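Please open the model in a viewer and keep the sequence at hand. The stops below are meant to be taken in order.

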Amino acid sequence: MYRVLLADDEQIERMALAKRLKRHFGGSLDISEAVNGAEALEIFRREKSQIVVMDISMPEMNGVEAAEHIRGLDEDCIIIFLTAYDEFSYAKRAIVIRALDYLLKPCEEEELVAVMEEAMRLTDKRLAGRDVSGLDIPGSDRPTPYIPAQDVRAGETAQAPPGDDGDGRLAQVAETIREYIRNNYMKEISMQDAARMMNYSDAYFCKLFKQCFDQNFTSYLTGFRVNEAKKLLRDRSISVKDVSMRVGYYDSNYFAKVFKRITGMIPSEYRDSETAQK
């Protein structure tokens, strides 16, 4: 069972989030709730939560401040920020926290589930004594680096692109991200890897990504990997385990769960269905 802490001062938002998580993950999550950053920190100290979903804007102590304290107590805790903000006023401070991802309110079910699945996977790796960053996984290389000519330096509070020039710039950024994912989806990449590749702060990259693709990084990457897996599964000479590895999932059981959530079938069933149609 995973110990999850939800922190949001809006009771309706908090209850709705807890309900959605329980509906999808059932008894695998032990969920605690906090109404502000100070209470979140108190609960974290008591329960040693493994996954924290934190609203940024809260009274007494905001989410970034609370997350800074939590990171000081546990450098490997999985932190997910929940925010309704369009501006990037928290980017400079949030970058040192190493959040898994940012969910913009109101977040889509697919985005929430994809991020929580990834948080659970990273927690499993931590408990197994493996490197949470995934950088030392046997057989995986570091993501291919790319630094664009125009960038927003990590930690800066930049504005999103303004007019026709802005639309063109956004399209350019979107294509750079697509190319990065196409070249690296088979490796164990993270949102931070992609942000660092473009020399953006995590917060700015997440919101720019949302502008480009209307979903968060984790959800997009999951969908991309599943689509690539579908292509590979049509070749029966490739085992399901090898397919899993080739699309960036080093745990075939986790891959099967993600694949079934998105397609409604486990990989072997999908392969059989594709063969039957030929």
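The tour begins with the sheet and then turns to helices and loops.

This is a predicted model, in which local features need pLDDT of at least 70, side-chain atom pairs count only at pLDDT 80 or more, and totals for chains, interfaces and linings use all residues. Residues are numbered from 1 along each chain as its sequence is written, and side-chain values use heavy atoms, with hydrogens and water left out.

**The sheet**

Select the five strands of the open sheet, ordered β2-β1-β3-β4-β5 with parallel pairing. Helices (H or I, at least four residues) and strands (E, at least two) are DSSP runs, numbered from the N terminus; two strands pair if DSSP finds at least two bridges between them. The edges are β2 (29–34) and β5 (101–104); each has a single partner strand, so one side of each is left without a neighbour in the sheet. On average, neighbouring strands are turned by 20° against each other, direction ignored. Axes here are lines fitted to C-alpha atoms, for helices over the stretch in contact, and angles run from 0 to 180 degrees between N-to-C directions.

Next, select β3 (residues 51–55) and β4 (residues 78–83), a parallel pair with five bridges. V53 has I80 in β4 as its bridge partner. Helix α1 (residues 11–25) packs on the sheet and touches β1 (2–7), β2, β3 and β4, with its direction at about 180° to that of β2. Contact means heavy atoms within 4.5 Å. Helix α8 (residues 202–213) also packs on the sheet, touching β4 and β5, and its direction makes about 50° with that of β5.

Move to β5, which runs parallel to β4 and is joined to β4 by four bridges. Y102 in β5 stands opposite F81. In a regular strand, side chains alternate between the two faces of the sheet. Both faces of β5 are covered, with D101 and L103 buried on one side and Y102 and L104 buried on the other. Buried means under 20% relative accessible area, exposed over 50%, and partly exposed in between (1.4 Å probe, protein chains only).

**Helix α2**

Select residues 37–47, helix α2, whose buried residues are G37, A40, L41, I43 and F44. Viewed down the axis of α2, these fall within an arc of 165°, so they line one face of the helix. The arc is that of the directions from the helix axis to the C-beta atoms. Their cover includes β1, β2, β3 and α3 (63–73).

**The crossing of α5 and α9**

Show α5 (residues 109–127) with α9 (residues 217–233): their axes come within 8 Å and cross at roughly 85°. That makes α5 roughly perpendicular to α9, a term for angles of 65 to 115 degrees. From α5, E110, E111, A114, V115 and E118 meet T218, S219 and T222 of α9.

**R178**

Select R178 in helix α6 (residues 164–184). R178 is partly exposed, at 30% relative accessible area. Beyond its neighbours within four places in sequence, R178 is in contact with F213 and Y220.

**Loops**

Finish with three loop residues. P106 lies between β5 and α5, and the peptide bond from K105 to P106 is cis, with omega near -15°. R98, in the loop between α4 (91–94) and β5, has a positive phi near 60°. N199, in the loop between α7 (191–197) and α8, has a positive phi near 65°. N199 counts as buried at 19% relative accessibility, whereas R98 is partly exposed at 41%.

Methods
Angles under 35 degrees count as roughly parallel, over 145 as roughly antiparallel, 65 to 115 as roughly perpendicular and the rest as oblique.
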